[in-house]
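Hi everyone, thanks for coming. Let's get the structure up on the screen and walk through it together.

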Amino acid sequence: MALVAGVDSSTQSTKVVVVDSDTGKVVREARAAHPDGTEVHPDEWWRAYQEATANGLLDGVEALGVGGQQHGMVTLDEDGEVVRPALLWNDTRSAHAAEELVHELGGPDEWAEAVGSVPVASFTVTKLRWMAEHEPELTDRVSTVLLPHDWLTWKLTGELVTDRGDASGTGYFSAAADVYRPDLLAQAFGHEPEVPRVLAPSEIAGTAGDIVVSIGTGDNMAAALGLGMQVGDVAVSIGTSGTVFGVTDMIHPDGSGAVAGFADATGRFLPLVCTLNAARVLTATAAMLGVDLSTLDELALAAPQGAEGLKMVPYLDGERTPNLPDATGSLLGMTRANMTPANLARAAVEGMLGGLGAGLEALRAAGMRIGRVKLIGGGAKSAAVQAIAADVFGVPVTVPEAAEYVALGAARQAAWALTGQLPVW
């Protein structure tokens, strides 16, 4: 039995699982928290990784892979020092920069054809434009631009490498053509910094001591690996963000910007719709009602479908899809009769799921056939979410066993790099 490890460096924490490479069984795991906020020094990710892997967690591990939050902008100078704290995917200060870049290339259809996606504030390319406009002295110092998972792989191995899955979320890499677009990178940033080499899905990035380190990937791509998704499968993940994604053999550029044309971690594609407002809609509503999440579930399930006309538009953190970074949330249809805690809880669950349901419709419009949905993420543990999702989505919903699917996917990729064969768990 060989042991492999998978790392999920997410927005909120680092999670590490150690797995039997033959069966996929988790034999031990640990986690460490990240600071809150939309920008963070990358050293905090390294601190959390070291904390999570302390006390012999990696003893006997032969290979390791890193799955990391997509889009984040990590900037290094020529000595490899971090120039400024990383801007994370959920930092929306670059919304105007996104509008500028879309206009400069000729419109959203041109961007969709060029790189598979229309840039919004979450994309790395827009954060680079914001930095160039607002921090020119720091911009001049930047020699290399990385994504969060790239930076962790570099810290482990000393190699500047990435995979096509995570690279496809930058806004300057074409998943369809498998090439960087240095012209778009230079247009956004004013000069062309170094970017990581793109390796094949099963390649080895390097070593960390005696441990083989796989190329790694973005968190959504790793989740698809962890779920064992095949062509035609669709997953809805309810975490800090909400994501709707499926595996396909072909990509269809979406000029509307709703569907991002990402690559997956196996050589195929992962069209994806992302919403900013997901599980935190539930926690915010529970806090407003002064209850815990289990009580919120009970309240939501006690209310009728439709919450007697009370509707929540849950854009509590702005929104990415639709692209409304400055939007706020709303409660609509309020009457004296329907303003009850139960209806409010139900409206929060239905409103949050409604945004994800719109993502399913966008995937359908992009040519995907959706027969069923796999519901994952922290928010999928909610009894109300599980009960209400099928009604909102209009298709059967399955809830796989709760697991750290991003970390499991990273571990599965590590086993692939170690043995040359993608294991079936």
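So, which residues meet where helix H2 packs against helix H4? On the H2 side we have Ala97, Ala98, Glu100, Leu101 and Glu104, and on the H4 side Val125, Thr126, Arg129, Trp130 and Glu133. By class, the residues of this contact are five nonpolar, one polar and four charged. Keep in mind that this is a predicted model.

Now the geometry of that pair. H2 covers residues 95–105 and H4 covers residues 124–134, and they pack at an angle of about 105° with their axes 8 Å apart. Because of that angle, H2 is roughly perpendicular to H4.

Stay with H4 for a moment. Is H4 mostly covered or mostly open? Mostly covered: eight of its 11 residues are buried. Those are Thr124, Val125, Thr126, Lys127, Leu128, Arg129, Trp130 and Met131. And what sits over them? H2 is one part of the cover, and others include strands E6 (74–76), E7 (86–87) and E8 (144–146), plus helices H5 (136–141) and H8 (182–189).

Next up is helix H6, residues 148–157. Nine of its 10 residues are buried, so H6 is largely enclosed by the rest of the structure. Among the buried ones are His149, Asp150, Trp151 and Trp154.

Ala167 has a relative accessible area of 1%, so it counts as buried. Setting aside neighbours within four places in sequence, Ala167 is in contact with Leu147, Thr162 and Phe173.

You'll find His34 in the loop between strand E3 (26–33) and strand E4 (39–40). Is His34 buried or exposed? Its relative accessibility is 9%, and the cut-off for buried is under 20%, so His34 counts as buried. Who is around it? Leaving out neighbours within four places in sequence, the contacts of His34 include Ser9, Thr11, Gln12, Glu44, Trp45 and Arg47. Its side chain also reaches the backbone oxygen of Ser10, at 2.9 Å.

Okay, another helix pair: H9 (residues 219–227) and H14. Their axes come within 6 Å and cross at roughly 75°, so H9 and H14 are roughly perpendicular to each other. From H9, the residues involved include Asp219, Ala222 and Ala223, and from H14 they include Tyr405, Val406 and Arg412. By class, this contact has eight nonpolar, three polar and two charged residues.

A bit of background: in soluble globular proteins, nonpolar side chains tend to be buried together. Here, the largest nonpolar core has 54 residues, and Tyr172 and Phe245 touch the most other members. Which helix gives this core its largest share? That's H14, residues 405–419, with seven residues. There is also a second, separate core of 38 residues, and Leu363, Ala380, Ala384 and Ala389 are among its members.

Finally, look closely at Phe245. Not counting residues up to four places away in sequence, Phe245 touches a list of residues including Ala223, Ala224, Met229, Leu270, Pro271 and Leu363. Notice the names that come back: Ala223 is also part of the H9 contact with H14, and Leu363 is a member of that second core.

That's my tour, so over to you for questions.

How values were computed: Residues are numbered from 1 along each chain as its sequence is written. This is a predicted model: local features need pLDDT of at least 70, side-chain atom pairs count only at pLDDT 80 or more; totals for chains, interfaces and linings use all residues. Side-chain values use heavy atoms; hydrogens and water are left out. Axes are lines fitted to C-alpha atoms, for helices over the stretch in contact, and angles run from 0 to 180 degrees between N-to-C directions. Helices (H or I, at least four residues) and strands (E, at least two) are DSSP runs, numbered from the N terminus. Angles under 35 degrees count as roughly parallel, over 145 as roughly antiparallel, 65 to 115 as roughly perpendicular and the rest as oblique. Contact means heavy atoms within 4.5 Å. Ala, Val, Leu, Ile, Met, Phe, Trp, Tyr, Cys and Pro count as nonpolar, Asp, Glu, Lys and Arg as charged, and the others, Gly among them, as polar. A nonpolar core is a set of buried Ala, Val, Leu, Ile, Met, Phe, Trp, Tyr and Cys residues joined through side-chain atoms within 4.5 Å. Buried means under 20% relative accessible area, exposed over 50%, partly exposed in between (1.4 Å probe, protein chains only). A polar contact is a pair of N or O atoms within 3.5 Å; within protein, one must be able to donate a hydrogen and the other to accept it, and residues adjacent in sequence count only if both atoms are side-chain atoms.
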